[in-house]
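Open the model in your viewer and keep the selection panel at hand. The tour goes stop by stop.

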Amino acid sequence: MVTGSFERQLEEVVQHLILDGYCEFWCCDQGNFDWVSRIVMRRMKKRYPDISLCCLCAYNPNRYSKLKQDFWFEDFDFIYPAEAAYGPQKFAILRRNKYIVEHADVFVCYVTRQSGGAYRALNLARQKGKRIFNLAES
(Lines give C-alpha, C1' and ligand atoms only; values in the text may rest on other atoms or scores of the structure.)
Protein backbone atom coordinates (compact mmCIF):
# COMPACT_ATOMS: atom_id res chain seq x y z
CA MET A 1 0.00 0.00 0.00
CA VAL A 2 1.49 3.34 -1.04
CA THR A 3 0.43 5.48 1.90
CA GLY A 4 0.64 8.95 0.33
CA SER A 5 -1.51 8.17 -2.71
CA PHE A 6 -3.82 5.97 -0.64
CA GLU A 7 -4.41 8.82 1.80
CA ARG A 8 -5.26 11.18 -1.06
CA GLN A 9 -7.63 8.61 -2.58
CA LEU A 10 -9.38 8.08 0.74
CA GLU A 11 -9.68 11.82 1.36
CA GLU A 12 -11.26 12.28 -2.08
CA VAL A 13 -13.77 9.48 -1.48
CA VAL A 14 -14.67 10.78 1.98
CA GLN A 15 -15.05 14.34 0.75
CA HIS A 16 -17.31 13.08 -2.06
CA LEU A 17 -19.40 11.17 0.47
CA ILE A 18 -19.66 14.20 2.77
CA LEU A 19 -20.81 16.36 -0.13
CA ASP A 20 -23.37 13.63 -0.92
CA GLY A 21 -24.76 14.07 2.60
CA TYR A 22 -23.06 11.29 4.56
CA CYS A 23 -22.21 12.41 8.07
CA GLU A 24 -21.22 9.30 10.05
CA PHE A 25 -18.03 7.42 9.28
CA TRP A 26 -16.78 4.15 10.74
CA CYS A 27 -13.20 3.00 11.00
CA CYS A 28 -11.83 -0.15 12.54
CA ASP A 29 -9.15 -0.88 15.09
CA GLN A 30 -6.93 -3.47 13.38
CA GLY A 31 -4.37 -3.28 10.59
CA ASN A 32 -2.63 -0.73 8.39
CA PHE A 33 -5.73 0.24 6.40
CA ASP A 34 -7.54 1.01 9.65
CA TRP A 35 -4.63 3.02 11.03
CA VAL A 36 -4.34 5.19 7.91
CA SER A 37 -8.13 5.54 7.76
CA ARG A 38 -8.26 6.87 11.31
CA ILE A 39 -5.57 9.45 10.47
CA VAL A 40 -7.45 10.57 7.36
CA MET A 41 -10.78 10.70 9.15
CA ARG A 42 -9.32 12.75 11.96
CA ARG A 43 -8.04 15.23 9.36
CA MET A 44 -11.46 15.29 7.66
CA LYS A 45 -13.13 15.96 11.02
CA LYS A 46 -11.09 19.16 11.31
CA ARG A 47 -12.37 20.28 7.89
CA TYR A 48 -15.92 19.08 8.48
CA PRO A 49 -16.56 19.33 12.23
CA ASP A 50 -20.18 18.17 11.91
CA ILE A 51 -19.27 14.64 10.83
CA SER A 52 -19.14 11.93 13.48
CA LEU A 53 -16.43 9.29 13.70
CA CYS A 54 -16.79 5.84 15.19
CA CYS A 55 -14.21 3.13 15.75
CA LEU A 56 -15.76 -0.32 15.51
CA CYS A 57 -13.80 -2.67 17.73
CA ALA A 58 -13.46 -6.37 17.13
CA TYR A 59 -12.49 -6.88 20.76
CA ASN A 60 -13.65 -5.20 23.95
CA PRO A 61 -12.20 -1.65 23.82
CA ASN A 62 -11.78 -1.64 27.61
CA ARG A 63 -8.89 -4.04 27.05
CA TYR A 64 -7.13 -1.58 24.76
CA SER A 65 -5.20 0.74 27.02
CA LYS A 66 -3.14 1.86 23.99
CA LEU A 67 -6.31 2.92 22.13
CA LYS A 68 -7.23 5.11 25.04
CA GLN A 69 -3.80 6.74 24.99
CA ASP A 70 -3.65 7.17 21.23
CA PHE A 71 -3.67 10.65 19.70
CA TRP A 72 -6.98 10.09 17.93
CA PHE A 73 -8.99 8.77 20.86
CA GLU A 74 -10.88 11.98 21.58
CA ASP A 75 -12.23 12.22 18.02
CA PHE A 76 -13.90 8.79 17.91
CA ASP A 77 -16.81 7.14 19.61
CA PHE A 78 -16.13 3.48 20.24
CA ILE A 79 -18.60 0.79 19.20
CA TYR A 80 -18.18 -2.81 20.27
CA PRO A 81 -20.89 -4.69 18.36
CA ALA A 82 -22.47 -7.56 20.27
CA GLU A 83 -22.01 -9.61 17.10
CA ALA A 84 -18.23 -9.34 17.54
CA ALA A 85 -18.36 -10.14 21.25
CA TYR A 86 -20.01 -13.54 21.10
CA GLY A 87 -18.24 -16.60 19.80
CA PRO A 88 -14.62 -17.64 19.46
CA GLN A 89 -12.23 -14.68 19.64
CA LYS A 90 -10.30 -15.81 16.59
CA PHE A 91 -13.39 -14.98 14.48
CA ALA A 92 -14.16 -11.64 16.15
CA ILE A 93 -12.76 -9.57 13.26
CA LEU A 94 -14.83 -11.52 10.73
CA ARG A 95 -17.97 -10.99 12.82
CA ARG A 96 -17.19 -7.28 13.21
CA ASN A 97 -16.64 -6.97 9.44
CA LYS A 98 -19.97 -8.68 8.80
CA TYR A 99 -21.66 -6.23 11.17
CA ILE A 100 -20.15 -3.33 9.24
CA VAL A 101 -21.32 -4.63 5.87
CA GLU A 102 -24.82 -5.31 7.16
CA HIS A 103 -25.23 -1.88 8.81
CA ALA A 104 -23.27 0.52 6.61
CA ASP A 105 -24.56 2.23 3.47
CA VAL A 106 -21.14 2.47 1.83
CA PHE A 107 -18.15 0.12 2.02
CA VAL A 108 -14.69 1.65 1.55
CA CYS A 109 -11.77 -0.77 1.48
CA TYR A 110 -8.34 -1.53 0.10
CA VAL A 111 -8.48 -5.17 -1.01
CA THR A 112 -5.71 -6.54 -3.22
CA ARG A 113 -5.89 -10.29 -2.53
CA GLN A 114 -8.59 -12.83 -3.22
CA SER A 115 -8.44 -14.23 0.29
CA GLY A 116 -8.72 -13.05 3.87
CA GLY A 117 -11.22 -11.22 6.00
CA ALA A 118 -11.31 -7.98 4.00
CA TYR A 119 -11.91 -9.96 0.80
CA ARG A 120 -14.77 -11.84 2.44
CA ALA A 121 -16.29 -8.56 3.64
CA LEU A 122 -15.95 -7.06 0.14
CA ASN A 123 -17.76 -10.05 -1.38
CA LEU A 124 -20.53 -9.78 1.21
CA ALA A 125 -20.88 -6.07 0.40
CA ARG A 126 -21.20 -6.95 -3.29
CA GLN A 127 -23.84 -9.60 -2.53
CA LYS A 128 -25.83 -7.09 -0.50
CA GLY A 129 -25.62 -4.47 -3.25
CA LYS A 130 -23.71 -1.94 -1.17
CA ARG A 131 -22.03 1.08 -2.70
CA ILE A 132 -18.35 0.08 -2.79
CA PHE A 133 -15.10 2.00 -3.11
CA ASN A 134 -12.17 -0.42 -3.33
CA LEU A 135 -9.23 1.96 -3.38
CA ALA A 136 -6.92 -0.80 -4.61
CA GLU A 137 -8.84 -0.79 -7.90
CA SER A 138 -8.60 2.97 -8.44
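Which side chains meet in a salt bridge at 2.9 Å, N to O? Select Arg 43 and Glu 7: their side chains form that salt bridge. Bear in mind throughout that this is a predicted model.

**The salt-bridge network**

Stay with this pair. Arg 43 lies in helix H2 and Glu 7 in helix H1, so the contact ties together parts that are 36 residues apart in sequence. Colour by accessibility and Arg 43 comes out partly exposed, at 30% relative accessible area.

Is Glu 11 buried or exposed? Its relative accessible area is 17%, and the cut-off for buried is under 20%, so Glu 11 is buried.

Arg 47 counts as partly exposed, at 42% relative accessibility. Show Glu 7, Glu 11, Arg 43 and Arg 47 together: salt bridges with shared partners join them into one network. The structure's count comes to 7 salt bridges.

**The aromatic pairs**

Switch to rings. The structure holds 3 aromatic pairs. Select Phe 6 and Phe 33: the ring centres are 5.4 Å apart and the planes stand at 55°, so the pair is tilted. Phe 6 is in helix H1 (residues 3-19) and Phe 33 in helix H2, so the pair ties together parts 27 residues apart in sequence. Phe 6 counts as buried, at 1% relative accessibility.

Next, select Trp 26 and Tyr 99. This aromatic pair is stacked, 6.0 Å centre to centre with 15° between the planes. Trp 26 lies in strand E1 and Tyr 99 in helix H5 (residues 92-103), so the pair ties together parts 73 residues apart in sequence. Trp 26 is partly exposed at 26%, while Tyr 99 counts as buried at 16%.

**The strands**

Return to Trp 26. What stands opposite it in E2? Cys 54 does. Show strands E1 (residues 24-28) and E2 (residues 52-56): they run parallel, joined by 5 bridges.

Key: Residues numbered from 1 in each chain as written. Predicted model: local features only at pLDDT ≥ 70, side-chain atom pairs only at ≥ 80, totals over all residues. Heavy atoms only, no water. Pairing = 2+ DSSP bridges. Helix = DSSP H or I, 4+ residues; strand = E, 2+ residues; numbered from the N terminus. Phe/Tyr/Trp six-rings, centres within 6.5 Å; stacked < 30°, edge-to-face > 60°. Buried < 20%, exposed > 50% of the residue type's maximum accessible area, 1.4 Å probe, protein only. Salt bridge = Lys/Arg side-chain N within 4 Å of Asp/Glu carboxyl O.
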